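Subject: Structure handover and notes

Hi,

Here is the structure for you to work with. My notes follow below it.

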Amino acid sequence: MKRTNLLRNITLGMVLSGFACSSCTDFDELNTDPTRMEKVNPGTLLDPILYDMGTYNWNRYYDYTFPLMQCLVSNNGTSGVGWWNMTDSRGDGTWNTYYKWINNAKEIQRLNAQLASPEPNYEAVSLTLQSWMYGILADAFGDIPMSEACSADQGILAPRFDRQEQVYRQILDNLKTANSLFDTESGLVYNTSGDMLYSTTDGEGIKKWQKFCNSLRMRTLTRLLDAEGFNAQAELQEMYDNPATYPVFESNDDAAMLGISGVFPEEAPMARPQDFTSYVNLSEFFIDLLNSWNDPRLPVFATQVEQEDGTKAYVGLPSGYLTLPAITASLPNQSMAKAPMDLTLMSYAEVEFIKAELFQKGILPGGATEAETAYKKGVQASVEQWNATLPADYFDNPQARYDGSLERIMNQKFVALYFCDYQQWFEYNRTGYPILPVGEGIQISHNQMPRRFKYPAAVQRTNMANYQEAKKNMGGDEFSIKLIWQK
């Protein structure tokens with residue numbers, strides 16, 4: 001989709017040479033591009049990063065995570081990621097897009113440092129955004145350039161790859177630094193109308209940015225619970241014991257949900273909503289899971305189909321099929337692709353499910369009672385995030401109530417991560433949940449759930465020595481290579 005230079009390609013305007021004549025001013029005014037900035041400041045780059053990353057991640061969920069995690073099923077072929085058929089270039093767009101916007105986030109830092117009086121909130125926001133993007137890159141690829149990334153201005157055109165351990169440590173350090181920098185007595189002074197995420201014109205918005213920062217730190221530490229060389233449990237305990245120092249999301253109002261109006265230039269991620277339902281159905285696995293809970297999110301996510309007896313029901317298409325079944329199955333609800341809409345960067349529900357897991361595992365004190373409380377809060381937060389209402393008897397259902405197992409927590413977390421970039425995929429590779437069906441059309445001898453993306457071919461060509469070193473460190477560059485936090 002097209003956006004103005006103001007929001008997408010932040011560039012300095014060209015300085016035109018003036019003429020020594022009386023008509024000089026009129027000529028300059030006539031030839032000034034009103035969409036091109038003459039000056040940039042740390043606030044200029046913030047909304048373009050948020051918008052483009054938010055919309056890109058929404059599309060990546062639809063194109064990749066949705067079918068990969070057996071929720072969306074193609075009815076027009078059996079060769080896609082829903083059958084775990086992976087092409088080597090699957091991660092190329094992610095690599096290129098993320099590094100593009102990491103570069104812009106780093107530019108916020110640079111511009112801020114050049115100010116006579118640098119603003120700590122811009123430094124903190126930049127570190128938060130970089131950590132968010134680097135985290136997803138590391139979760140998707142493994143070893144990645146970080147310490148030397150986006151350093152072409154310093155003459156580094158072939159950055160070295162940092163090992164996963166180094167990347168995650170730096171992410172955790174950056175988030176801890178950012179948390180200490182947030183100044184809740186002021187806002188983002190160069191975003192006078194507020195930023196797209198939190199409309200930050202005062203300290204209240206900064207408090208939410210700080211909660212986003214610490215919620216991301218919780219996500220990262222939880223990812224590393226079983227990774228060697230990290231003290232994730234102790235750091236999570238420290239955060240839990242000091243909520244005033246390390247505030248996290250406490251409601252849906254705090255969550256990192258990016259509001260898109262649908263009015264240019266805030267266009268919806270998918271240009272044509274009808275494409276959202278073209279040649280696809282929701283899966284039997286996904287529909288049956290929600291049906292078993294009598295879940296109020298079903299009408300939000302899916303359409304009903306008419307049965308032979310004239311009644312309507314939610315019906316899923318078996319995923320990974322060998323031959324297309326002769327059934328009429330539910331479509332994704334097309335309204336989900338229409339703006340105004342909220343794009344999930346990180347939800348409050350995710351935080352509650354992280355807490356539920358930590359209580360369930362005994363990492364945080366409170367045991368089953370606190371685990372159940374957090375579980376219920378996570379479910380309610382997710383339901384309300386989608387503007388649905390949680391029935392009073394929802395947890396009376398044996399299939400929906402907390403049963404003390406990690407699987408029950410992760411099944412609900414799986415649904416709560418609906419349309420959140422690659423998080424369902426990452427969590428599956430970390431925990432093994434939910435237990436996904438393997439259709440008879442999936443050739444399990446050849447196709448497996450990918451653990452990661454392969455490095456782009458362009459990176460292999462242009463940064464060969466560092467690519468080969470990363471490949472050696474990781475034990476190869478295959479989809480099957482496990483990352484340090486994976487089961």
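Is Lys454 buried or exposed? At 13% relative accessibility, Lys454 counts as buried. Buried here means under 20% relative accessible area, exposed over 50%, and partly exposed in between, with a 1.4 Å probe and protein chains only.

First, the ground rules. This is a predicted model: local features need pLDDT of at least 70, side-chain atom pairs count only at pLDDT 80 or more, and totals for chains, interfaces and linings use all residues. Residues are numbered from 1 along each chain as its sequence is written, and side-chain values use heavy atoms, with hydrogens and water left out.

Salt bridges

The whole structure holds 21 salt bridges. The criterion is a side-chain nitrogen of Lys or Arg within 4 Å of a carboxyl oxygen of Asp or Glu.

Lys454 pairs with Asp88 in one of them, with the closest N and O atoms 2.9 Å apart. Asp88 sits in the loop between strand S1 (72-74) and helix H3 (92-113), and Lys454 in the loop between helix H13 (423-431) and helix H14 (457-462), so the bridge ties together parts 366 residues apart in sequence. Helices (H or I, at least four residues) and strands (E, at least two) are DSSP runs, numbered from the N terminus. Asp88 counts as partly exposed, at 48% relative accessibility.

Arg223 and Asp139 also form a salt bridge, at 2.9 Å from N to O. Arg223 is in helix H6 (residues 203-223) and Asp139 in helix H4, 84 residues apart. Both Arg223 and Asp139 are buried.

Glu250 counts as exposed at 55% relative accessibility. Lys211 counts as buried at 13%.

Nonpolar core

The largest nonpolar core has 149 residues. Such a core is a set of buried Ala, Val, Leu, Ile, Met, Phe, Trp, Tyr and Cys residues joined through side-chain atoms within 4.5 Å. Leu129, Met133, Trp209, Phe212, Tyr418 and Trp425 touch the most other members. Helix H4 (residues 120-141) supplies the largest share, 13 residues.

Take Tyr418. Leaving aside neighbours within four places in sequence, Tyr418 is in contact (heavy atoms within 4.5 Å) with Tyr61, Phe66, Leu282, Phe286, Phe301, Met336, Trp386 and Gln424.

Best wishes
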